[in-house]
Structure formats: C-alpha cells, structure tokens
Amino acid sequence: MKNYKQNADFLYLGKALLAWYGIYGRDLPFRKTKDPYKIWICEIIFQQTRIQQGLDHYNKFIERFPDVASLAAAETDEVLLYWKGLGYYSRALNLQKAAVQIMTEFGGVFPDNYNDILSLRGVGPYTAAAVSSICFGMHIPAVDGNFYRVLSRVFADDTDISHSSSFAYFSELALRLMPPGEAGTFNEAVMDLGSEICRPRNPLCDQCPLQKDCRAFQLGRTAEFPVKTKKTAVKELKLTYYFVRFGNEILIRRRAEDHIWKKLYEFPDEVPVNLLPVVMETNTVYHKLSHRNLSIDFVDVFPEKRTEFEALAQAGSYQIVTLEQSLLHSFPKPLENYIAAQVARP
Ligand code: SF4
C-alpha cells in the first residue's frame, strides 16, 4: 500500500471517529432500527438524494410498504408513484424486483450476509456492505464517495478515484481504521463526517475529530483531494414530445422498452403527419441527468374536434386522461413539470 507502512496501526483514527459520532452523529429515524429491509430502502433512497429532501419520501414509502412482502405484492405503478420526486426511477423498479427475488429465492426472509445481499437486483457493493455491517455486524467497510474523500484527505493520498482499482484500495485502507465489532457504526460515522464536516467543498476542518492527524489539512491541500482525473462523459440527447390536448384531456402512454425512462409514462413522441392538426407552438426545455444533457421540444397540439383527438390516441395506442388524472401517474421530471405548468395555466 503506497505511502504507508504496511503494518501501521490506524485504529486510533477509527476510534476517534466513533467517539465523535457518539456525540455528533445525526439522529435519523432509520438509525433506530436494525431491520435490513428498512436499512436497504434508506440506503437506496439516500444514494442520490440528500437526507432532508428524502426523509419524507422514506417515511411514506415505509408506511405504505412496511416489509418485503408488501413491496413484492404491490402494483409497479403504485411503487413508482411513491417514488415520485426522488428521480432515478430504475431504483424503484429494482427495489421491487429485489423484493420479489427475496420472496422466491430466500423464502421471504431478508438475506443476512454480504454475498446474498449483493446478489439482489440493483444492489451494489456499497449497499451490500452497508446493510450487512449495520444489520448483521459483518466487518466490511461501505466505501462510497464519503470514504474516498475522508481517507484520501487524511492520508493526502493521491490514488485516482476514477480508476476501478481504487475501490479495493480504499476498502483495504478503511479496514485498517475500522475497530473490531464496530463496522456498522464506523460506516455510519464516515457517512456523517463526509456529508457534514469533510464536505466536498469548504470542509469544516475546525470541527473535525481527525484534524490533528489529517495530512491534507496540515499541508493546506484539502481541496486537492480526492484526486479524480477521468471526467464522466456527458452525452447530449434531443427528444421531442407532442403535448396533445383537447379541453382538459391529454394523451399519455407507459414506456415499456429499454429507455432512460422505461416504465414511466410519457406523451406521444411521434404523430402521423396526416393526423396532425394545428400545431400551436414548441417550447424547448433543458434538463440535466447525471450522464446526459437533455434538450426536449414540447410541441403543443390542439385538435379542433374530438374525433381528431381520438384518432391521434388510436394511432399510437395512447390513453386519454384528464390533466388531473395524469398527475396520478409517474412521469419523468421534465414531463411532470410540463403538466404542472399546464395545470397552473389560466
Ligand atoms: S481535517 Fe478537514 S480535510 Fe481532514 S478529514 Fe477533517 S474535515 Fe476532512
């Protein structure tokens, strides 16, 4: 392991972190349970959503789907509806598939070890490590962006986190800080330190329990860590949607095939030219996803007669719903915003 003596003892850092966490750790509802189902749901929700934004969603989701069986038995549409506002809907679809998998492959009992948890749909090494350490005491670090940031700063380690080998590297380093029997608490402590104190920008070093041992702080180089050379490629994607409206009704359908928004609802993405009535206007909306920049043309179409409207619905097997009914379906965020703007329009 570079820069460090192979046998150096770093447990004192882990212990300092646990002592800090005992006093300053966040008092969050899911910290009061060891139920692997609940911890799994919260880990999936909070991977991409800030705690304050996602807490209400988490509570409502758990209230409606309190266990694996209720999630496995639910209609997919309802699961998506409870996910509304969290984005990245594939996470909700995977949650439900994993719940069905637990029912069929594990007899309805949440698996109790890292490898079985990792075999669940949509579960990666981080989530498997978090659930197995917090709920079953397995001695595994849940390495995520917080670990990369905290460890690379504490050791002023310039290992490039964009390389796939960095996960194993930082996992091994984390193990050398992790006090025996404290894996779950240690993982939660790094999560809290990384999000509250050792923040990506402007870390609050004066409040950090690791400050006196932190090399990056001593060198005045905290902003240089973690090192990440490879930028994630962002693709440009242009989409067109026809917002076909007759009175208070619009056309929608559910997307089934493979697509960034599979299984969500959408507007018509093509309209037979011979059926196209008066096109009122086109509004372009820009929307950023993690790896894509979207440019979406919304073409407002107002058929003059109901027969024209119905012909358009039949041409693409679209459903006719009122604007209010449409809000009970799960749409990608920019489409949801577009409907909301129409509902609000005088
Ligand atoms: S001293 Fe600053 S840079 Fe170092 S671990 Fe603490 S918060 Fe992060």
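# Exercises on cavities, ring pairs and backbone geometry

The second largest cavity has a volume of about 30 Å³. The model is a predicted one, in which local features need pLDDT of at least 70 and side-chain atom pairs count only at pLDDT 80 or more, while totals for chains, interfaces and linings use all residues. Residues are numbered from 1 along each chain as its sequence is written, and side-chain values use heavy atoms, with hydrogens and water left out.

## Exercise 1. The second largest cavity

Task: determine which residues line the second largest cavity, and which elements give two or more of them.

Solution. 

Step 1. On a 1 Å grid over the protein atoms alone, a cavity is a set of points where a 1.4 Å probe fits but cannot get out, and lining residues have an atom within 4 Å of a point. Grid points are joined across faces, edges and corners, and the volume is the space filled by probe spheres set on the points.

Step 2. Under this criterion the lining consists of Leu17, Phe147, Val150, Leu151, Leu177, Phe186, Val190 and Leu210. Helix 9 and helix 11 are the elements that give two or more residues to this lining; helix 9 supplies the largest share, 3 residues. Helices are DSSP runs (H or I, at least four residues), as are strands (E, at least two), both numbered from the N terminus.

Step 3. Classify the lining: 8 residues are nonpolar, none is polar and none is charged. Here Ala, Val, Leu, Ile, Met, Phe, Trp, Tyr, Cys and Pro count as nonpolar, Asp, Glu, Lys and Arg as charged, and the others, Gly among them, as polar.

Step 4. Val190 counts as buried at 3% relative accessibility, where buried means under 20% relative accessible area, exposed over 50% and partly exposed in between (1.4 Å probe, protein chains only). The C-alpha atoms of Val190 and Leu17 are separated by 7.6 Å, although the two residues are 173 apart along the chain.

## Exercise 2. The largest cavity

Task: state the volume of the largest cavity and describe its lining by class.

Solution. 

Step 1. Two or more lining residues come from each of helix 9 (145–154) and helix 11 (183–197). Helix 9 gives the most, with 3 residues.

Step 2. By class, the lining contains 12 nonpolar, 2 polar and 1 charged residues.

## Exercise 3. Ring pairs and the nonpolar core

Task: classify the ring pair of Tyr169 and Phe170, and identify the members of the largest nonpolar core that touch the most other members.

Solution. 

Step 1. Rings of Phe, Tyr and Trp (its six-membered ring) pair if their centres lie within 6.5 Å; planes under 30 degrees apart count as stacked, over 60 as edge-to-face and the rest as tilted. The whole structure holds 22 aromatic pairs.

Step 2. The ring centres of Tyr169 and Phe170 are 5.2 Å apart and the planes stand at 90°, so the pair is edge-to-face. Both Tyr169 and Phe170 are buried.

Step 3. Ring pairs also join Tyr241, Phe243, Tyr265, Phe267, Phe298, Phe331 and Tyr338 into a cluster.

Step 4. A nonpolar core is a set of buried Ala, Val, Leu, Ile, Met, Phe, Trp, Tyr and Cys residues joined through side-chain atoms within 4.5 Å. The largest one has 64 residues, and Tyr37, Trp40, Ile41, Leu71 and Phe267 touch the most other members. Helix 2 (residues 36–47) gives the most to this core, with 8 residues. At least three residues come from each of domain 1 (11–224) and domain 2 (235–344), with bounds from an automatic or database domain assignment.

## Exercise 4. Backbone geometry

Task: locate Asn202, Ser317 and Pro226 in their loops.

Solution. 

Step 1. Most residues other than glycine have a negative phi, and most peptide bonds are trans.

Step 2. Asn202 has a positive phi near 50° and lies in the loop between helix 11 and helix 12. Asn202 is exposed, with a relative accessible area of 60%.

Step 3. Ser317, with a positive phi of about 50°, lies in the loop between helix 13 (306–315) and strand 6 (319–322). Ser317 counts as exposed at 63% relative accessibility.

Step 4. The peptide bond from Phe225 to Pro226 is cis, with omega near 0°. Pro226 is found in the loop between helix 12 (215–219) and strand 1 (235–246).

Methods
On a 1 Å grid over the protein atoms alone, a cavity is a set of points where a 1.4 Å probe fits but cannot get out, and a pocket is an open set with protein on both sides within 12 Å along at least five of seven lines; lining residues have an atom within 4 Å of a point.
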